[in-house]
Amino acid sequence: ESQARGEHIGRKTVIMSPDNLKIVRRLRKQGWSYRRIAAQIGCSYMYIRRVIMQDSKSTRVKELEERLK
């Protein structure tokens with residue numbers, strides 16, 4: 001979770017810092033749209049969507065692992 005994630009835009013790679021990931025999660029919980037968050041962070045809305053989807057998948061996996069213990 002402390003690693004930065006990147007998105008390729010043409011030849012340019014946009015890196016999202018761990019701090020920005022926290023901001024994205026918080027804004028999404030507050031009801032912000034992917035497009036609005038993307039405009040705030042400075043990346044594509046599809047990248048924001050991907051980050052949110054990966055985050056929810058990892059949360060579900062952790063919950064399942066806890067249940068299986």
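Biologist: Which way do helix 1 and helix 2 run, roughly parallel or roughly antiparallel to each other?
Modeller: This is a predicted model, so local features need pLDDT of at least 70, side-chain atom pairs count only at pLDDT 80 or more, and totals for chains, interfaces and linings use all residues. Residues are numbered from 1 along each chain as its sequence is written, and side-chain values use heavy atoms, leaving out hydrogens and water. Helix 1 (residues 18-29) and helix 2 (residues 34-41) pack at about 150° (helices are DSSP runs of H or I, at least four residues, numbered from the N terminus; angles run from 0 to 180 degrees between N-to-C directions of axes fitted to C-alpha atoms). Since over 145 degrees is the cut-off, these two helices are roughly antiparallel.

Biologist: Okay, and which residues of helix 2 does helix 1 meet?
Modeller: Look along helix 1 for N20, I23, V24, L27 and R28, which take part from that side. Contact here means heavy atoms within 4.5 Å. Across from them, on helix 2, you'll find Y34, I37 and I41.

Biologist: R28 again! Which ring does R28 lie over?
Modeller: A charge sits over a ring if NZ of Lys or CZ of Arg is within 6 Å of the ring centre and within 35 degrees of the ring normal. R28 is 4.1 Å from the centre of its ring. That ring belongs to Y34.

Biologist: What about helix 1 and helix 3: how are they arranged?
Modeller: Helix 3 covers residues 45-68, and its axis comes within 11 Å of the axis of helix 1. L21, V24, R25 and R28 of helix 1 touch I48, V51, I52 and D55 of helix 3. The axes cross at roughly 85°, inside the 65 to 115 degrees range, so the pair is roughly perpendicular.

Biologist: At what angle do helix 2 and helix 3 cross?
Modeller: Their axes come within 8 Å. Helix 2 is roughly perpendicular to helix 3, and Y34, R35, I37, A38 and I41 of helix 2 touch Y45, I48, R49 and I52 of helix 3. The crossing angle is roughly 110°.

Definitions and conventions:
Parallel < 35°, antiparallel > 145°, perpendicular 65-115°, else oblique.
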